[in-house]
Amino acid sequence: MQRILLTLLLLILATTTGYAQQAQRITLEEAIQIALDNNFALKQANNNVKSAENTILSEKADFLPNLSGSLSGNVNVGQQFVPETFTFGNVTNRGINGSLSSGIFLFNGFSNLLTLRSSVTSKLSAEAQLQRQKENIIFQTADRFLNVLLAVELLEIEKENLETSKKQLEQTKAQVEVGTLPITDLYTQESQVANNELSITRQENQLNFTKLALARQLQINPLEEYDFVVPNGLDTNPDNLVPSNYNLGSLVETALANRQDLKQAEYDIKVQEYQVKIAKWAQLPTLRISGSINTSYRESFRDIITGNPLSFSDQFFDRQVSRGAGASLNIPIFNNWNRRTNFENQKIAYKNRQLGLEDTRLGIIEEVTSVYNTYVNTAKQLEANRKALVASEKAFEAQQERYNVGASTFVELSQAQNAYVRDRSTLTQTTYNFIFQEKLLDFYLGQLDENISFE
């Protein structure tokens, strides 16, 4: 029986170990690629580009003549004159009609040319939208990835703090036993340990939440286990982080030159400009030429000389064949002001596009200025937090030494320890925020791609 229980225990341990080893390791580069492959909005933007390509192909084909054909059959039953007997009789007459027709506009207000140029520009707009959507996904993925790494580090800080509290609890027990400290200090330290354990639980929940948010961004199964790997070159030592000396004017110029959403707005204005021209030239006459060939077969059709019925081949491919050609000039004189109204509306739409472009441009300037100011303030905060941590660490060490020799109260020691842990957590958060602000700046400058680097 003991052997059976031991075997079952080993199987459970092996299974548990196997599950632990099945956690999928995901690097930042892999996370970004997964997000790009799975994101629905990006797939839709990519489909819009393909649709624009199809439209261009269709617009090019509009320069060619159209060609259409038809083939129909009919049966007529009724009283008809019968030449052979010079009488009327009930006759069934079968027939087939066929035709081919083709036409092309010699002039239609340059509509084909303008529409093609508009379609080409629309494709450029769709590509710009696709690129900006791609940048947005990369940024969001990197942001949530960094949040996971930050939550891991904050959890480690809480665990270290718990270990420190446990050691302090052991020292307090020893001092209470020899009578150098009152029993109340022991109870207070036990409460401190319990609070530290609660902080760990809260931070573990926060870590799970950030992992869930990242899994949602990657659109992967959140119920599986994942190990998110620290990116190569990511230095979270605040002493090694050196702020860059950016120039705000240069940053704004770079953003205005690179931002895909601004390029999209510019392309949209160009598209609307073509629409104005199309509506304007639509008020001019159009000239179209066309040609057709028609043929038919009738059972009752006979040779006019011999009176003999003609075969299908003789009729359909010879006797009944007719050809035609023509030209049509369409002059718009009055169409209830529809074309004129359309022209005016297109001009209004063009003005709105211009206003939208200016709004996008000003929005980019505002975004870059805001993130630049935040970056500068975060750099200052990073330096201040460095100094605060050094001071709180020395204060905690001093209070611990004083407490050990009975020169300090437990309350003073607890306050120093809490201040030290708080400053460690604050500096860690500021460090990640500083790294995040650098990537945020790249995003608003339009310089973020899937080859994101922290070196």
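The buried residues of helix H2, which spans residues 28-38, are Leu28, Ala31, Ile32, Ala35 and Leu36. Viewed down the axis of H2, these buried residues fall within an arc of 135°, and they therefore line one face of the helix. The structure is a predicted model. The packing partners of the buried residues of H2 are strand S1 (24-26), helix H3 (40-61), helix H4 (111-177) and helix H5 (183-218).

Helix H5 also contains glutamine 192. With a relative accessible area of 10%, glutamine 192 is classed as buried, because the cut-off for burial is under 20% relative accessible area. The side chain of glutamine 192 is joined to that of serine 414 by a polar contact of 3.4 Å. When neighbours within four places in sequence are left aside, the residues in contact with glutamine 192 are Ser165, Ser414 and Asn418.

A nonpolar patch on the surface is formed by Leu106, Leu287, Ile289, Leu329, Ile331, Ile333, Phe334 and Trp337. Together, these residues present about 890 Å² of accessible area. One of the members, isoleucine 333, is located in the loop that runs between strand S6 (322-330) and helix H9 (338-404). The relative accessibility of isoleucine 333 is 78%, so this residue counts as exposed, the threshold for that class being over 50%.

Two residues were examined for their backbone geometry. Most residues other than glycine have a negative phi. Phenylalanine 110, although not a glycine, has a positive phi of about 60°. Phenylalanine 110 belongs to the loop between strand S3 (87-107) and H4, and its relative accessibility of 41% places it among partly exposed residues. Glutamine 219, likewise a residue other than glycine, has a positive phi near 55°. The position of glutamine 219 is in the loop between H5 and strand S4 (226-228). At a relative accessibility of 26%, glutamine 219 counts as partly exposed, since that class covers values between the cut-offs for buried and exposed residues, under 20% and over 50% respectively.

Key
Residues are numbered from 1 along each chain as its sequence is written. This is a predicted model: local features need pLDDT of at least 70, side-chain atom pairs count only at pLDDT 80 or more; totals for chains, interfaces and linings use all residues. Side-chain values use heavy atoms; hydrogens and water are left out. Patches are made of residues with over 30% relative accessible area and no salt bridge: like charges are joined within 9 Å, nonpolar side chains (Val, Leu, Ile, Met, Phe, Trp, Tyr) within 5 Å. Accessible areas come from the Shrake-Rupley method with a 1.4 Å probe; for residues, only the protein chains shown count as cover. A salt bridge is a side-chain nitrogen of Lys or Arg within 4 Å of a carboxyl oxygen of Asp or Glu. Helices (H or I, at least four residues) and strands (E, at least two) are DSSP runs, numbered from the N terminus. Buried means under 20% relative accessible area, exposed over 50%, partly exposed in between (1.4 Å probe, protein chains only). The arc is that of the directions from the helix axis to the C-beta atoms. Contact means heavy atoms within 4.5 Å. A polar contact is a pair of N or O atoms within 3.5 Å; within protein, one must be able to donate a hydrogen and the other to accept it, and residues adjacent in sequence count only if both atoms are side-chain atoms.
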